[in-house]
Amino acid sequence: MSEATNGSTTVSSEVVEKIAVAAARAVPGVADLGGDVARFFNSVLDKVGLDEVGDASRGVSAKVAGNDVTVNVVLVIEAGRVVAEVTGEVQAKVKEALTGYGLNVLAVNVNVDDITGV
């Protein structure tokens, strides 16, 4: 009878970022993700037919240490929305999504970079 070998599992920051992007985009009031520079380069990529490049994790960065993750989200909110409500919902949805994958979320930091329609 052979013994099972214990091993480790790691989750890359890119995977955490993709999960966080999907969760943040689903929140009502989130118009876009990423700061001014990221949105500018994304619009250039869109114009040259590379509209999917960089979208998977744009606006989100993650620090992963073992099972612990810290996520930073940069977003644009829709005009007329209450900032604290939108950012609170983003924090809750990102944390919920990541804990659903068995990760321990230390923090979800949200930076509102812009407001649409103003």
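Here is a friendly walk through this predicted model, point by point.

1. **Ground rules.** The model is predicted, so to speak of a local feature a pLDDT of at least 70 is needed, side-chain atom pairs count only at pLDDT 80 or more, and totals for chains, interfaces and linings use all residues. Residues are numbered from 1 along each chain as its sequence is written, and side-chain values use heavy atoms, with hydrogens and water left out.

2. **The overall plan.** The protein chain has three helices and four strands, running α-β-α-β-β-α-β from the N terminus on. Helices (H or I, at least four residues) and strands (E, at least two) are DSSP runs, numbered from the N terminus. Of the contacts in the chain with a separation of 6 or more, 74% join residues 24 or more positions apart; a contact means heavy atoms within 4.5 Å.

3. **Surface and interior.** The chain has 118 residues, and buried ones make up 29% of them. Buried means under 20% relative accessible area, exposed over 50%, and partly exposed in between (1.4 Å probe, protein chains only). The accessible surface comes to about 7,100 Å², of which 52% belongs to carbon and sulfur atoms. These areas come from the Shrake-Rupley method with a 1.4 Å probe, and for residues only the protein chains shown count as cover.

4. The mean pLDDT of the chain is 83, and 77% of its residues reach 70 or more; pLDDT is the predictor's confidence in each residue, from 0 to 100. Among the elements, α3 has the highest mean pLDDT (97), while helix α2 (residues 36-47) has the lowest (49). Over residues 37-41 the pLDDT is below 50, and beyond near neighbours in sequence this stretch has eight contacts in the model. Residues 50-56 also have pLDDT below 50, with twelve contacts beyond near neighbours in sequence.

5. Helix α3 covers residues 83-99, which is 17 residues, and reaches 24 Å from its first C-alpha to its last, close to the 24 Å expected at 1.5 Å a residue. That expected span is 1.5 Å times one less than the number of residues. Which residues of α3 are buried? They are Val-86, Thr-87, Val-90, Val-94 and Leu-98. Seen down the axis of α3, its buried residues fall within an arc of 95°, so they line one face of the helix; the arc is that of the directions from the helix axis to the C-beta atoms. The face turned away from the buried side carries the exposed residues Ala-84, Glu-85 and Glu-96. What covers the buried residues of α3 includes α1 (13-25), β1 (30-33), β3 (68-78) and β4 (104-116).

6. Val-90 is buried, with a relative accessible area of 0%. Not counting residues up to four places away in sequence, Val-90 touches Ala-24, Val-27, Val-30, Val-73, Leu-75 and Val-110. Thr-87 counts as buried at 14% relative accessibility, and Thr-87 is in contact with Val-110 and Val-112, leaving aside neighbours within four places in sequence.

7. **Helix α1.** This helix has 13 residues and reaches 18 Å from its first C-alpha to its last, close to the 18 Å expected at 1.5 Å a residue. The buried residues of α1 are Val-16, Glu-17, Ile-19, Ala-20, Val-21, Ala-23 and Ala-24, and what covers them includes β1, β2 (60-65), β3 and α3. Val-21 has a relative accessible area of 4%. Val-21 and Ser-61 are 40 residues apart in sequence and 9.5 Å apart in space, C-alpha to C-alpha.

8. **Salt bridges.** How many salt bridges does the structure hold? There are two, where a salt bridge is a side-chain nitrogen of Lys or Arg within 4 Å of a carboxyl oxygen of Asp or Glu. One joins the side chains of Glu-78 and Arg-81 (3.2 Å, N to O); Glu-78 is partly exposed at 31% relative accessibility, and Arg-81 is partly exposed at 39%. In the other, the side chains of Lys-93 and Glu-89 meet (3.8 Å, N to O). Lys-93 and Glu-89 both lie in helix α3, four residues apart, about one turn of the helix.
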